[in-house]
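Let's take a look at this one together, starting with the ligand and then moving out to the protein around it. Have the 3D view open as you read.

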Amino acid sequence: MYRRVFYASPDYIAFSRLSDGTYIDVNPGFERMLGYKRTEVIGRTSKEVGIWPESDAAQRTAYVEQLRKDGLVKDYPGRLRTSTGKIIDVEASANILEVDGELILVAIVRDVTERNRAEHELRDRETALRQLNETLEQRVQERTAQLRASETRIRSIFETSYQFMGLLAPDGTMLDANRASLESINAKLEDVTGRALWDTPWFTATPGMPEKIRASVAAVGKGESVRHEITVNLPAGVRTFDFSMRPILDAGGRVTAIVPEAVEITERRRAEDALRQAQKMEAVGQLTGGLAHDFNNLLAGIVGNLQLMRVRIGQGSTGSLPRYIDAAESIADRAAALTHRLLAFSRRQTLDPKITNVNRLVASMRELIQRTVGPGVQVHTELAADAWNTMCDAHQLESALLNLAINARDAMPNGGRLTIETTNSILYQAQAATQEGVSPGRYVTISVTDSGTGMPPEVMARAFDPFFTTKPIGQGTGLGLSMIFGFIKQSGGYVRLHSEPGVGTTVRIDLPMHGGEAQIDKSERKTATAVSAAASATVLLVDDEAPLRMLLAEILSGAGYAVIEAADGREGLKILQSPQHIDLLVSDVGLPGNMNGRQMADAARVLRPGLKVIFITGYAEHAALGNGQLDTGMQVMTKPFALDTFMAKVSESLDAGAVSQFTG
Ligand SMILES: Nc1ncnc2c1ncn2[C@@H]1O[C@H](COP(=O)(O)OP(=O)(O)OP(=O)(O)O)[C@@H](O)[C@H]1O
Ligand SMILES: [Mg+2]
């Protein structure tokens with residue numbers, strides 16, 4: 001049985017003599033493990049066979065020492081060399097037996113190379129995993145630190161900026177605000193977060209501002225960017241800002257946040273004002289020379305006349321005195337006019353507004369203007385029959401017209417034609433919006449046109465500037481147009497300039513209409529109505545802009561027409577398809593709903609062939625009319641138009657042939 005174990009064991013079992021270490025016997029496990037034949041090793045020592053690697057000598061010594069001392073070793077880890085020189089890991093157990101009085105060493109050795117390798121591998125893999133884990137952790141830490149650093153950087157830019165910056169939810173709720181902005185209202189972040197932007201102390205102390213901001217936020221919430229100059233009351237006083245709000249959009253174009261930003265420009269504005277004031281003073285300085293010259297001339301004229309009077313009185317001839325008095329007075333008047341213009345320019349004149357009839361005013365000045373411009377210039381007046389009144393200082397308006405006439409005269413040294421025209425006009429919303437400070441409404445217009453030299457663009461650009469003149473010193477002060485501008489603006493109107501070099505210049509003054517009822521004598525109105533030929537005709541008026549429709553209706557019925565009104569194409573067509581008697585259709589082209597004026601008229605003409613039509617159109621709607629290809633009996637008027645022109649077109653249209661009637 002022992003023998004069987006000896007032969008069958010996978011471990012190696014070796015017997016050797018303890019005294020000299022020679023092998024007595026080894027089992028097949030030995031042969032397999034170390035590659036030596038049994039016969040090769042018996043009778044030799046392990047040293048002689050060479051199963052111990054040289055490098056492990058110390059280990060072998062320790063093994064033998066322990067064996068000598070304790071009489072046995074157990075699971076001793078070591079390494080052995082095979083016959084081919086390969087080193088294998090082993091675990092050795094040994095003890096000493098006494099057989100027949102001789103001490104025999106029994107060694108059982110197990111090859112653990114594979115086991116160790118597997119263990120190593122496992123350990124290596126664990127180490128690698130641990131390292132990977134550590135690296136990952138480190139990476140995450142690094143990245144977090146980087147993010148934190150970049151957030152700190154951005155945050156510090158945000159916090160230390162002098163600009164006011166913040167962050168809003170798309171509905172305007174405050175999410176964040178930087179230090180500068182919070183300091184300006186002496187607030188802490190938690191005082192403002194969660195509130196609507198317009199409901200914060202930046203805006204609530206300024207009347208009207210919260211509404212404005214609320215409207216802006218709504219616009220930005222829809223994806224727009226806004227930017228305005230705003231002036232607000234802050235604890236530190238009234239401050240002006242360049243204020244903007246930008247939407248932040250996600251990939252799908254949705255607004256995810258709003259960034260409000262404000263840069264204070266109070267100081268800049270102040271500096272600009274100061275500069276402007278300084279420039280004005282400089283210009284005033286330049287002017288003084290010219291003015292002193294003018295005044296000296298005028299004074300010389302007055303003094304000269306006084307001296308002549310003294311001489312004549314000395315001579316006892318008093319008959320010529322009135323002439324000198326007249327002369328002196330007229331020169332004094334010119335001096336007074338000069339100071340008046342200076343006052344007008346400095347806007348320190350007190351205006352005396354009265355209801356003024358511009359037609360009468362122009363008519364009364366005709367003589368004076370003709371005399372001022374001289375016989376070389378023909379003066380024409382074209383006055384609107386029913387010109388509206390305006391509320392303004394009539395004397396100033398006269399002075400303005402005279403100034404324009406003098407400008408025209410100066411532009412026509414070789415004579416020419418001066419036309420003064422009055423018209424009633426309506427300014428539409430869309431046109432008003434294109435000009436700063438102009439509101440839509442009814443205006444009475446005075447145009448002064450000359451056939452003079454005209455102005456090159458660079459002169460036109462500066463013509464309204466105070467003290468800008470192209471005339472020699474002593475002849476022009478450059479205050480004429482700036483005074484007119486100041487006065488007309490003060491009166492709620494505006495001035496426009498059209499000029500073409502070599503052709504001439506038109507200055508157009510629009511003054512707001514005053515009151516609904518033009519103050520024209522009853523007798524005058526009667527004659528005006530009497531001239532309308534087809535004044536009993538019926539006009540269907542279709543326009544969605546109620547004020548304009550009412551105005552046209554008022555004027556048409558004032559002239560004796562019967563007027564039916566409709567606000568859109570559908571309503572208009574309903575009337576046109578009824579048996580109602582209609583002589584003329586006046587329709588806006590752009591109408592709400594899905595039927596424009598042209599389509600309505602075309603549909604109406606199916607039942608009323610030859611129906612007379614006047615289209616009113618804004619420039620943009622021309623396309624709807626089909627490039628000006630209009631059927632007979634159809635006419636078009638482009639906004640804006642003078643009411644006279646409109647009335648003329650109406651009666652012209654009605655006079656042109658028979659009025660077609662309902663045939664359906
Ligand atoms: N009708 C015009 N035709 C051509 N140029 C004109 C006309 N009106 C004004 N200008 C130009 O605009 C300038 C400024 O006109 P403005 O009336 O303000 O001053 P002025 O006529 O030069 O001097 P002032 O009116 O004070 O005597 C003129 O010097 C001239 O160059
Ligand atoms: Mg002038």
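## Around ligand 1

Start with Lys-471: an N or O atom in its side chain sits 2.6 Å from an oxygen atom of ligand 1. Bear in mind that this is a predicted model. Asn-407 also gets involved, with a polar side-chain atom 2.8 Å from a ligand oxygen. Gly-480 uses its backbone instead, where an N or O atom lies 3.3 Å from an oxygen atom of ligand 1. How much of the ligand does the protein cover? On its own, ligand 1 has 590 Å² of accessible area, and the protein covers 93% of that.

## Who's in the shell

There are 20 residues around ligand 1, and the ones that come nearest are Asp-450, Thr-469, Thr-470, Lys-471 and Thr-477. By type, the shell splits into 10 polar, seven nonpolar and three charged residues.

## A five-stranded sheet

Now find the open sheet, whose five strands go in the order β12-β14-β15-β17-β16 with mixed pairing. β12 (377-383) and β16 (494-500) are at the edges with a single partner strand each, so one side of each has no neighbour in the sheet. From one strand to the next, the twist averages 15 degrees.

Zoom in on β16 and β17 (residues 504-512): they run antiparallel and are joined by seven bridges. One pair to look for is His-498 with its bridge partner in β17, Thr-506.

## A helix and what follows

Helix α5 covers residues 57-70, 14 residues in total, and spans 20 Å from first C-alpha to last, close to the 20 Å expected. Just after α5 comes Gly-71, with a positive phi of about 80 degrees.

Key: Residues are numbered from 1 along each chain as its sequence is written. Chains are lettered from A and ligands numbered from 1 in the order in which they are written. This is a predicted model: local features need pLDDT of at least 70, side-chain atom pairs count only at pLDDT 80 or more; totals for chains, interfaces and linings use all residues. Side-chain values use heavy atoms; hydrogens and water are left out. Two strands pair if DSSP finds at least two bridges between them. Helices (H or I, at least four residues) and strands (E, at least two) are DSSP runs, numbered from the N terminus. Axes are lines fitted to C-alpha atoms, for helices over the stretch in contact, and angles run from 0 to 180 degrees between N-to-C directions. The expected span of a helix is 1.5 Å times one less than its number of residues. A residue is near a molecule or strand if one of its heavy atoms lies within 4 Å of it. A polar contact is a pair of N or O atoms within 3.5 Å; within protein, one must be able to donate a hydrogen and the other to accept it, and residues adjacent in sequence count only if both atoms are side-chain atoms. Accessible areas come from the Shrake-Rupley method with a 1.4 Å probe; for residues, only the protein chains shown count as cover. Ala, Val, Leu, Ile, Met, Phe, Trp, Tyr, Cys and Pro count as nonpolar, Asp, Glu, Lys and Arg as charged, and the others, Gly among them, as polar.
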